Each structure stands twice: as structure tokens, then as C-alpha cells.
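The stops below go from one selection to the next.

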Amino acid sequence: KRERLDDRIDALSPHWDIVRPDGPGPHPLVIQLPGCGGKKPFQQTWAQVAAASGAAALVVDSHAHRGISQMGAYAGVCTGLRLRGAERAGDLIAALEWARRQDWVDASRIYAAGWSHGGWAILDGLCLGDKIERFTGLYDAPNAPLDGLAGAFIVYPYGGVGSLTHLRPAASKPVISAIVCGEDRIVGSRGPLRVFERLKTQGLNVSVALFENGTHAFDEPDARDLRVRSDPALVARAHALYTDFLTAPL
């Protein structure tokens with residue numbers, strides 16, 4: 001489906017959440033892309049961590065305007081049958097364009113953060129190059145739409161078959177801070193680690209924290225999956241890394 005960038009913004013914006021720090025701004029802003037299961041309450045916790053660090057957070061719901069229910073998300077998005085990372089990167093492009101138009105946002109400090117499928121979308125977005133319309137459906141997006149992104153915070157991302165990072169070089173090169181989990185039974189650890197090593201060879205500044213005992217979705221207290229184990233100590237460590245990432249000098 002071909003779509004104007006402004007139409008994507010109009011479709012997304014009624015469904016996203018914004019958490020802002022105190023004060024008039026301009027504030028740094030982080031665009032949060034949740035995992036394949038969609039926007040969940042623990043994303044608000046991360047947004048509050050961002051606000052406490054002085055940054056606003058925009059939590060994007062990629063499912064609502066596409067008519068994807070939570071059941072449909074688990075059956076279709078989480079299984080790779082629909083809405084792959086490269087397509088969803090169009091939502092990041094739209095959110096970034098919207099953010100650049102807001103006078104309360106510091107346009108020099110716009111970040112992206114992604115969990116699982118959301119991390120896949122960000123990583124694929126970096127590799128779109130001149131194929132933006134082909135992968136995202138956006139026919140009027142600017143060239144190199146992710147240039148100027150100050151950084152990307154990636155948590156237990158998918159990096160396997162179908163990931164553009166294995167096929168195309170990164171066209172945009174923000175600073176990347178990543179968390180990979182050693183006991184991840186959903187996306188694994190080897191695929192993401194290979195992705196980040198590949199990006200390093202392309203000149204990106206990438207730092208990876210390996211949570212050796214962490215599972216996928218260690219930060220989701222209400223996950224209903226036997227492969228997932230919530231870990232408050234790892235959550236605290238991850239939140240500290242998020243704060244450091246958002247407050248680091250450019």
C-alpha cells in the first residue's frame with residue numbers, strides 16, 4: 001500500500017502516548033517502538049524513566065490503525081506473517097518527521113528505542129537506503145529520513161532471517177546502545193550479536209550490554225510466556241543504561 005507520509009502521521013498519532021518532563025522545553029525526545037505484541041503497560045514505565053532523565057517519550061502503537069488486535073498481533077506479527085521490520089520502519093520515519101515539527105522538541109536530540117520487533121524495525125530502518133517506498137510504502141518520505149537521529153537504544157531485538165541488516169549496509173549511522181540477553185529463547189542472542197558486529201564494521205558506534213542470565217522480555221512483569229522470566233535486578237540495570245543513553249553528551 002502506497003501512502004503519503006502525512007497520512008501515516010495522521011493514522012498513527014491518535015494512538016500514540018506522550019510522556020513529557022516538567023518544564024516548557026525544548027526537550028529531547030525518544031520514540032519508543034514496542035515489541036510484536038503491541039503497546040503494553042511496561043512501556044509506560046520506560047517512558048517515565050525517560051521523563052525522569054529530562055526527555056519526553058513518544059510510545060508508538062503500530063497495530064491500532066492497521067486493525068491488528070492483540071490476538072492478531074501474536075498470531076501474525078510475532079510469527080512474521082505480517083508487518084515485518086522494514087515495513088514498520090515507516091512508522092518510525094513518520095514519528096520522527098512529526099517530532100521535528102514540534103516546537104517543544106529539541107530536534108538535535110531525537111532518539112529511537114525499540115524492543116524485540118521494535119528493535120528490528122529501527123535496525124531495518126537504518127538500512128533502507130534508496131528503497132524507502134519499496135519497504136515502507138511511503139512514497140514521499142525524504143531521502144535518508146533517519147539521518148539526524150541522535151541515537152538508537154535497542155533491547156533484545158530480532159536479527160534473523162528477513163532482517164535487512166544482513167543484506168544491506170546502514171545508510172544512517174546513529175550511536176547505538178543495545179541489550180542482548182544470553183538466555184533469550186525467542187530471538188536468541190547470536191543473531192543480534194552478529195547484527196551489531198556487522199554494524200560496527202560499517203563504522204557505527206555500537207555498545208552492547210550482554211545480560212547473560214536475562215530472558216526475552218525480562219522487563220515485562222505480566223508476560224504470559226514460559227520462555228520469559230521477569231527480573232527486577234536486570235530491569236534496574238536496563239533503566240540505568242537508558243538514563244545514561246539519553247543524558248550522554250552528543
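Does Ala 112 count as buried or exposed, and at what relative accessibility? Select Ala 112: it counts as buried, because its relative accessibility is 0% (buried is under 20% relative accessible area, exposed over 50%, partly exposed in between, with a 1.4 Å probe and protein chains only). The model is predicted, so local features need pLDDT of at least 70 and side-chain atom pairs pLDDT 80 or more, while totals for chains, interfaces and linings use all residues. Numbering runs from 1 along each chain as its sequence is written, and side-chain values use heavy atoms, without hydrogens and water.

Stay at Ala 112, which sits in strand E4 (residues 105–115); helices (H or I, at least four residues) and strands (E, at least two) are DSSP runs numbered from the N terminus. Beyond its neighbours within four places in sequence, Ala 112 has contacts with residues including Val 30, Leu 92, Ile 122 and Phe 153, contact being heavy atoms within 4.5 Å.

Next select Phe 153 with Trp 46. The whole structure holds twelve aromatic pairs, and Trp 46 with Phe 153 is a tilted one, at 6.0 Å centre to centre and 55° between the planes. Rings of Phe, Tyr and Trp (its six-membered ring) pair if their centres lie within 6.5 Å; planes under 30 degrees apart are stacked, over 60 edge-to-face, the rest tilted. Trp 46 is in helix H2 (residues 41–52) and Phe 153 in strand E5 (residues 151–155), 107 residues apart. Both Trp 46 and Phe 153 are buried.

Now show Arg 20, which lies over the face of Trp 104, 4.0 Å from the ring centre. The criterion is NZ of Lys or CZ of Arg within 6 Å of the ring centre and within 35 degrees of the ring normal.

For the largest pocket, select Cys 36, Gly 37, Lys 40, Tyr 74 and Cys 78, the nearest to its centre among 35 lining residues. H2, helix H3 (70–77) and helix H5 (117–126) each give two or more residues to this lining. The volume is about 860 Å³. A pocket is an open set of points on a 1 Å grid over the protein atoms alone, with protein on both sides within 12 Å along at least five of seven lines; lining residues have an atom within 4 Å of a point. Points are joined across faces, edges and corners, and the volume is the space filled by probe spheres set on them.

Terms used
On a 1 Å grid over the protein atoms alone, a cavity is a set of points where a 1.4 Å probe fits but cannot get out, and a pocket is an open set with protein on both sides within 12 Å along at least five of seven lines; lining residues have an atom within 4 Å of a point.
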